[in-house]
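The sequence and the structure are shown below.

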Amino acid sequence: MKSLTAGDLEDCLLAKVDERRQQISQIVEEVQRVVHHLTTEISHQDIRFQAVPYSDTYNGNIKVLAPSQFLVTIPVKGLAGYREAREQRWRYYTLQGTRLSCPLQDPEGLQQWLEVEQFMKSLWQWHEADVNIEGDIVPAKVLQVFRKLVENAIGTCHLSGKVSMLTHHSAVWVAVETATGQVELELVPTVEIPTAWSAKARWPPCLRRWPSRQRVECIKSFGFALLACSHYHWQLSFLQAEQVLLEQLDEDGGCRRKCLRALRQMKEDVWCPGRRPVITSHHLQTVLFWTCEKYPHPKDWRVFSKAFLRLVRKLHKCVSQHFLKHYFVRKSNLLRSANSGDLDAVAQRLALFLKNPQISPP
């Protein structure tokens, strides 16, 4: 194993990046055909869930977290005209219908309640007891309904040999057999809110040079979303806003996205391989956003080797401290629920790389 010069590092990493891109593209092609088939059937059975469209280009509903781990957002229908909740109130209910003596914990960080009255227009089905408790649309109840629909759709669509439910999760996960192996998908019912920016996302703070004010307004115009992936609270998501920010990163001719792809390649090959990695592509993307904010000038992103190692150092710091702030909701730590031992192992591998950059494990 040899140490790499700056040119070697760039050439070797980007060759691997191109190979990965082709492999992932093939997997996404298979996955989105399955997802489109399943969700079309689900939308026929329950009007509250929309079909995920098939796309020949980028599909915003499918997020690749790792080569064998995908997040698939399933848009819901019949909720329009979102507005922030007008007043705070205590909740004493449980999913089983019993009453608590103390109120439920308030949402933290990336979480919030969702009341049906927060929408100016709503289908009557969202007021039904299968998803609604005391006026709240409850994510755990939505997931119960959705899980049954997925199970039925797998049979109806004759996909039992290709798709199977993963039952050891509270969320809805399926395994899909592809030509290159099995991948796992988390299917998440999602309330898309394109008309507003979350009050919890106090972004950007004052006195920031990156991104520009015009870019900020553009990004905020894409709104946010709420994901059903916990019991009582909905999770804020900014996938579309993040994608727009990513697409516009290198208009000055910089190498930011090239660095991100290389970082992702090393993460998957060396620092954090495996089917369910503790560090995902979303974590790496967040590290890049923070680094762009700290280094806003085009000159900081002209030399690949310097920019890449800067990102690795930032990632090492975050993983070592078990702390990575969400880019838009800065009170939220994206590593809060990650396994400490797994994070420490990744930090150790990153430290070894920084001492002696190599592109494959020793």
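## Basis of the report

The structure is a predicted model. Every value given here is computed from that model.

## Packing of H4 against H6

Helix H4 spans residues 239-247 and helix H6 spans residues 281-294. Their axes come within 12 Å and cross at roughly 55°. Angles of 65 to 115 degrees would count as roughly perpendicular and those under 35 degrees as roughly parallel; H4 and H6 are therefore oblique to each other. The crossing of these two helices, H4 and H6, is left-handed.

On the H4 side, the contact involves Glu 242, Leu 245 and Leu 246, which meet His 282, Gln 285, Leu 288 and Phe 289 of H6. Sorted by class, the residues joining H4 and H6 are four nonpolar, two polar and one charged.

## Packing of H6 against H7

Helix H6 also packs with H7, at an angle of about 110° and with the axes 10 Å apart. H6 and H7 are therefore roughly perpendicular to each other, and the crossing of H6 and H7 is right-handed.

From H6, the residues in this contact are Leu 284, Val 287, Leu 288, Trp 290 and Thr 291; from H7, they are Arg 310, Leu 311, Lys 314 and Leu 315. This contact of H6 with H7 comprises six nonpolar, one polar and two charged residues. Leu 288 of H6 takes part in the contact with H4 and in the contact with H7.

## The loop residue Ser 332

Ser 332 lies in the loop between helix H7 (304-321) and helix H8 (340-355). Ser 332 has a relative accessibility of 10% and so counts as buried, since the cut-off for burial is under 20%.

Leaving aside residues up to four places away in sequence, Ser 332 touches Gly 109, Leu 110, Leu 324, Lys 325 and His 326. The C-alpha atom of Ser 332 is separated by 13 Å from that of Phe 238, a residue 94 residues apart along the chain.

## Cysteines

The model contains zero disulfides under a cut-off of 2.5 Å between cysteine sulfur atoms. Cys 229 is in no disulfide, and the nearest cysteine sulfur, that of Cys 272, is 20 Å away. Cys 229 has a relative accessible area of 25% and is therefore partly exposed.

For Cys 272, the closest cysteine sulfur belongs to Cys 318 and is 14 Å away, which is too far for a bond. Cys 272 counts as buried because its relative accessibility is 6%.

How values were computed: Residues numbered from 1 in each chain as written. Predicted model: local features only at pLDDT ≥ 70, side-chain atom pairs only at ≥ 80, totals over all residues. Heavy atoms only, no water. Axes fitted to C-alpha atoms, helices over the stretch in contact; angles between N-to-C directions. Helix = DSSP H or I, 4+ residues; strand = E, 2+ residues; numbered from the N terminus. Parallel < 35°, antiparallel > 145°, perpendicular 65-115°, else oblique. Left-handed = near helix turned anticlockwise from the far one by under 90°. Contact = heavy atoms within 4.5 Å. Nonpolar A, V, L, I, M, F, W, Y, C, P; charged D, E, K, R; others polar. Buried < 20%, exposed > 50% of the residue type's maximum accessible area, 1.4 Å probe, protein only.
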